[in-house]
Structures are given as C-alpha cells and as structure tokens.
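Visitor: I am new to protein structures. Could you show me how to read one?

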Amino acid sequence: MIATISNTKKNRLPEILEHASGDKRFKILEAHMKKHQFKHDALIEVLHKAQELFGYLEDDLLLFVAYKLKLPPSRVYGVATFYHFFTLKPQGAHTCVVCMGTACYVKGADKVLAAIEQAAKIKAGGTTPDNQLSLMTARCIGACGIAPAVVYDGTVTPRQTPELAVQHVKGWIDHGN
Amino acid sequence: MVIDDLNAIAEAERAARKKYTLRCCMAAGCHSSNSVAVKKALEQAVKDAGLEDLVEVRGVGCMRLCCQGPLVQVDPDGTLYEKVRPEDSASLVGTLRGGTTHVQKGDPNSPFFTEQLSIVLANSGYIDPERIESYIAADGYRALHDVLREMTPKEVVDEIIKSGLRGRGGAGFPTGLKWGTVAKTESAQKYVICNADEGDPGAFMDRSVLESDPHSILEGMAIAGYAVGANQGFVYVRAEYPLAISRLQNAIKQAKQRGLLGSGIFESPFTFNIDVRIGAGAFVCGEETALMMSVEGKRGTPRPRPPFPAESGLWGCPTLINNVETFANVAPILRKGADWFASIGTEKSKGTKVFALAGKITNTGLIEVPMGTKLRDIVEKMGGGAPDGAPIKAVQTGGPSGGCIPAEALDTPVDYESLASLGSIMGSGGMIVMDDATRMVDVARFFMEFCMDESCGKCVPCRAGTVQMHSLLEKILNREATAADLQRLEELCQMVRDTSLCGLGQTAPNPVLSTLRFFRSEYEELLKKETAHNGEPRAAIR
C-alpha cells in the first residue's frame, strides 16, 4: 500500500471510486459504514465487513475505506496490519486453521501441524501455489475441552491426529493433480 | 416493563414446562462435536413418538464435561448421557417410556459435578441462552429491578465492596473499589466496558459464560452502569468466538425489545445501552488501556497508567472495565446479599472461581469451585488425574502471564495470594495439566514465542526482550547454550519484568522464571558442557 501511494503522486481517488462503482460489494460496504454513521471508531467493524466481502484487504479497498471514513490512509493501513485477523493477501479456496493453544499444544497440535505442512508442502501462514488451501495457526480457539482442535473451512473439528488431519485436507491439496 | 410484567413472563415460562426436559448442550465444545444435529434428531424423535406434550428438547449452555460431549441430560431424574450421536435419539427418547438404550451414561454424582459450587455458572446448562424468557424464569433481571427501584447508586457500590468481590480477569483488584472510583469521578459522560477478550491460550471460561448465559452479563453491566453513572456499555469480544458474539447480539436485541436495555428501564429515569465490539486477534487488547484504544477503532497499543481508566479512559471519560466473570457475579450478589457472597471462599478471596480444566487430564471441561479449594482436589479428585494414571508433573495457570506449579505444591489452596507466592497468578482461569511427557523448557519456549508474536512493539524491553529471551530458550533446547547463557536469560527476565510498559511485558518472563524455580535441572541438563583445553568436559560448572 505504501508503494501504491508513493508511486502515484496524483490523487488516485477518481480511479478507485470508478473501480468501486462497478462492484456491488463496495455498495454493501458503504451501507455498512452508513449504519455506523461513518464514525471513526467503527474502523475495525468496517474492516471486518470488508474482509468478509472481499476475502482480503487489497490496497484500493483500504483507500476506499479511508476516503469514506475521512481517515488518513496511514491510520487505516496501521490498523489493518496491527491485528492478526486481517489479511492483505488473497486466501486459498479452503482454509485450515490449526489451534496452537496450550491445551492443544500439550496434546500434540505441533505434530498435527507438521503433518499438514508436509502433506501440503507449505508452511503455516502460506497458501498452496494453486490457491486451493491456506494453512494457518490460531492462538487459542477456546475449544480446549476437545483438544487438539482444527478448524476446516470454519468448522471446528475435535480430537485431531496427524493422520486424521492429512486425510481431511487431502482432497483439497490433490486438486488438479 | 414493570415488575408485574417480569413476573408474568416468568410465570408463563414456568407454566409451559413439560413433564420431561431433554437438555442438550449447545456450547462450543459440544457444538463442534455435532450437538446441533443431535438436538434436531431428538426433536424429531420426540415428534415421531408423539410425546410433544410431555417432552421438551431444550438447547442449553455448557454442561461442563466437554470431553464427553455432546451431552444430553434428562429432567427430572437427572440421567446424563455422553457422546450422544444423532442416530441414538430414538432409543434415548424411548427410555422415557421404559425402553433401554446403549448410549454411554455419565455419573452426575461423581466428584467432578458434586464438588462444584455454581454462582457464575448457576444457569449454565439449564436455561436456553437464546431466549430471554428462560433467563427471566431463573430470576433474571430481578436484581436490576430491585437496584433501580430501591437502591441508590452509592448503596450498590457499598454492597459490592461489602461482598469482597475481586476482579476475575486475573489481577484481583477489589471490584467495589474500582466502581467507587468511577462513581466519584465527575463527568457528564462515563462508560462501562466488559472485557471479553479472553486471549490466554487454554482458557475458555468467558466464552462459556457468554455462550451459556449472556443475559447475566448484560444485567451485571446495567447494574454497574447505574452504580457508576454511565449510560453506555461496550462488550469487547474476540473475533475467534463467533458463537458467543451471535448469542450476545441476540441477547442485546431481546433485552432492548423487552425494555430491559434502552431508556427508562423499569420506568425509572435510568438509561443504558450496550454495543458489541469485535476484536481482531491481538492478545495485547486484553490489557485495559489497549482494549480502550481498540474500542476507539485504533491500533491496540497500551499507554502508561496513571491516569487509570477509572479517571480517564474511553475518549478521555471515566471508564469502568471489568471481566466477564466479574459482571456475572454482580446480579447474584445483589439478589442474595453481600453477606451470603462473603461467606464463600477464603478471608481475602471471596466467592467462587471458574476454571477451564484442560491438557493431560481425564475430565476436561469447566469447573466452578469456592476460592481456597486445593489444587489437588481440582486436579485429582475432580479432574480424575492424568489419563492412563500417569503421574502429574505440573499445573500451568494464568496462561502466558502465569507460571507452572509443580506437583509437590498441589496442596496449595487456590486463591490470589497463594498462587502469587508460587510465582504464578490466578489469571483468568485456564488450568493446563502437564504430565511427564511435557518438557518444561519447551513449555517456557512455547509461551515466550507467544509473547514475542503478541508484543505490540510500543516499548523496547518487551519488543526486543521477548525476542532475545526466545532465542536463548531456542539455544538451550538445541543444546548449544552454556551456563553463561542461562545466567543472561535470568537477567533479561528481571529486566523485562521491571521495565516493560504494560502487563504483557511485565509478566512475559513468568513462565521462564517459574519453570526455572521448580524445574531448574531440566534447563541444566540441556546446557552444553564447557570443555577445557584438553577437550575433557570440565566438572560441574555453575
């Protein structure tokens, strides 16, 4: 984003607004901002909505939010990069989140993660080259009673073993082979 | 809404009760073990058997024994079924007419259940968290009514002071004192914040309370708002808890519809609104000044205190911040009296504490016990010890800010002071049991990695210190460290603890310091023997 701003000395706003006018999702996002009366303190809520709509926060999207909320782009970028929940890169079609909370860790979550990393040939935080699977870790999802837990596409799945986990993601990583 | 309306709702709810109730756990643990399908199947089975007039299937909050979920309990006889599958529903409903079932039965009279004393979780597992009527039938919002109609704000604060309630977020600051400070600070605008940013890995108490009994938090916050003179509340919840967020939002909507939030509550001049603020995955936002920054929509970085939030908090206004569990204690205290609450627990720590029991232990789940209960009773009697009877090595409390308590110290009573004397903290209530297979240096490294990632970067001791401590721990684990490295690690721990800006940095060294204190030999075994010039290992270097 810094590059985007510094590369364009001229105001890129008209360009971004034109981009936005052709995309329905920007309208939904603007309606959401209106619901919050374009208040500055709604920034995190707005970014949540933006990520929900677009999957990730691209530069133009952040600039659009900054313009509409009348905030400096630095502030929007600062918030978007501070919080782990927001991602500035596109995600894969499927997501796999391995909980690495203490309870899951002492019950072998590190081995589950290693097995998936090996099977998918990516590291935690990465996405497969064919954009099919994004592998992430979580700090604790509060499902300690059923540790170790893994979240596949938003579904929390209890008591995982390396074998079970690899079996689960297999369909996603074999795709296209 | 007046008291007669409240009574009418409660009466109607009680009158609608049927002969049998199948309570089906719908909290996070069981939810992910497919309890939604189980509840649906049970409803269908009741319909198929033509028992709709006799049997109610009720989705309830956490029923505690998460490891055996999905759980279903039958009222009135209290039979507890474990690991229920949707296909078991017909035989389960059949038992109501004298049939049999092969579904695994739990023992509701086992110490795991009988040793518990429920104040915060009293409604959890009994009421339907998605229906306000269910909460009202359990005497809900009665305390708010009595407070608004019969007590002055000062009397409410005094009652909380008298009860001896201390903050359940970990530090244990006297709640009444905090309320009193906010109440005394003059300002046209004040705020109440509920800290539901339960970031400690291994803790899920607040999540369970929000999912099981969201109205108790709203009632506690409204009472606090009246006591301190605030008209706006915020609940700051982690984004990782979608179920808790949706139940909370649903509860707020229902309370507003019934006139229990909004303007002129119970026909008094008191106005109170609550908004939900969703976090975005930053552990440091559990720290109160960072949390307020986040509520304002900014980067969640802490600031030095004083001024404390009670004097200058959200947008510079006096702000009361309490933890979920603290607010959940408020309505019961005002309903049953401060003396009743003060009679539970120890001299300095009153009431009960909810713990999330997890790790290498047979019964994982949620427990609520009186303060002063011995750790051994919790771990061995209620938790059933480690699976396969392996010896327990340590219990970790307080998450990344806490420490490891060795098995020898299991007879310690659980209260704020005793845990602090062992170099750990009460924390928010996560309790992770570790057995012989767990290497303590690895645990210390795990927590240090956590703190390193979660450090907000504002102050140098925390930002740079956690990185250095982490690399020293890595070095030790790789058997590349010397005694001098260990000494440097200890020095760094002291420095980071003494000079960091906020609680995150000040407590980050705790897991290292406590494992060094009780398991020093594990560190020393990993040290590289310093070799003398002739290549022979030098004897015992200290």
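Guide: We will take a few features in turn, starting with chain A. Keep in mind that this is a predicted model.

Visitor: How many helices and strands does chain A have?

Guide: Begin by counting the elements. Chain A comes to nine helices and four strands. Then read their order. From the N terminus on, the run is α-α-α-α-α-α-β-α-α-β-β-β-α.

Visitor: What does chain A span along its principal axes?

Guide: The C-alpha trace of chain A spans about 55 × 35 × 30 Å. Chain A has 177 residues, and 40% of them count as buried. Look at contacts too. Take those in chain A with a separation of 6 or more: 64% are between residues 24 or more positions apart.

Visitor: Into which domains is chain A divided?

Guide: There are two entries here: domain 1 covers 2-82 and domain 2 covers 94-173. Their C-alpha centres lie 31 Å apart.

Visitor: Which residues of α9(A) are buried?

Guide: They are Ala165(A), Val169(A), Trp172(A) and Ile173(A). Now look down the axis of α9(A). The buried residues fall within an arc of 75 degrees, so they line one face of the helix. On the other side of α9(A), the exposed residues are Glu163(A), Gln167(A), Lys170(A) and Gly171(A).

Visitor: How many residues does the contact take from chain A and from chain B?

Guide: Count each side separately. Chain A gives 32 residues and chain B gives 38. On the chain A side, α4 (43-54), α6 (73-82), α7 (102-106) and β4 (155-157) each supply at least two residues. Next, sort that side by class. The side of chain A that touches chain B has 20 nonpolar, nine polar and three charged residues.

Visitor: Into which domains is chain B divided?

Guide: Chain B has domain 1 (18-109), domain 2 (140-342), domain 3 (352-435) and domain 4 (440-526). Take domain 2 and domain 4 of chain B. Their C-alpha centres lie 34 Å apart. Their contact takes nine residues from domain 2 and eight from domain 4. The domain 2 side divides into six nonpolar, two polar and one charged.

Visitor: In what order do the five strands of the open sheet in chain B lie?

Guide: Read across the sheet, strand by strand. The order in chain B is β2-β1-β3-β4-β5, and the pairing is mixed. Then find the edges. β2 (55-60) and β5 (105-106) of chain B are the edge strands, as each pairs on one side only.

Visitor: How many bridges join β3 and β4 of chain B?

Guide: Two bridges join β3 (residues 72-75) to β4 (residues 80-81) in chain B, and these strands run antiparallel. Val72(B) stands opposite Tyr81(B) in β4(B).

Visitor: Is Phe113(B) buried, exposed or partly exposed?

Guide: Count its neighbours. Phe113(B) has 18 other C-beta atoms within 10 Å, so Phe113(B) is partly exposed. Buried would need 20 or more. Phe113(B) sits in helix α5 (residues 111-114) of chain B.

Definitions and conventions:
Residues are numbered from 1 along each chain as its sequence is written. Chains are lettered from A and ligands numbered from 1 in the order in which they are written. This is a predicted model: local features need pLDDT of at least 70, side-chain atom pairs count only at pLDDT 80 or more; totals for chains, interfaces and linings use all residues. A residue is buried if 20 or more other C-beta atoms lie within 10 Å of its own, exposed if 12 or fewer, and partly exposed in between; C-beta atoms are placed from the backbone. The arc is that of the directions from the helix axis to the C-beta atoms. Domain bounds come from an automatic or database domain assignment. Two residues are in contact if their C-beta atoms, placed from the backbone, lie within 7 Å. Ala, Val, Leu, Ile, Met, Phe, Trp, Tyr, Cys and Pro count as nonpolar, Asp, Glu, Lys and Arg as charged, and the others, Gly among them, as polar. Two strands pair if DSSP finds at least two bridges between them.
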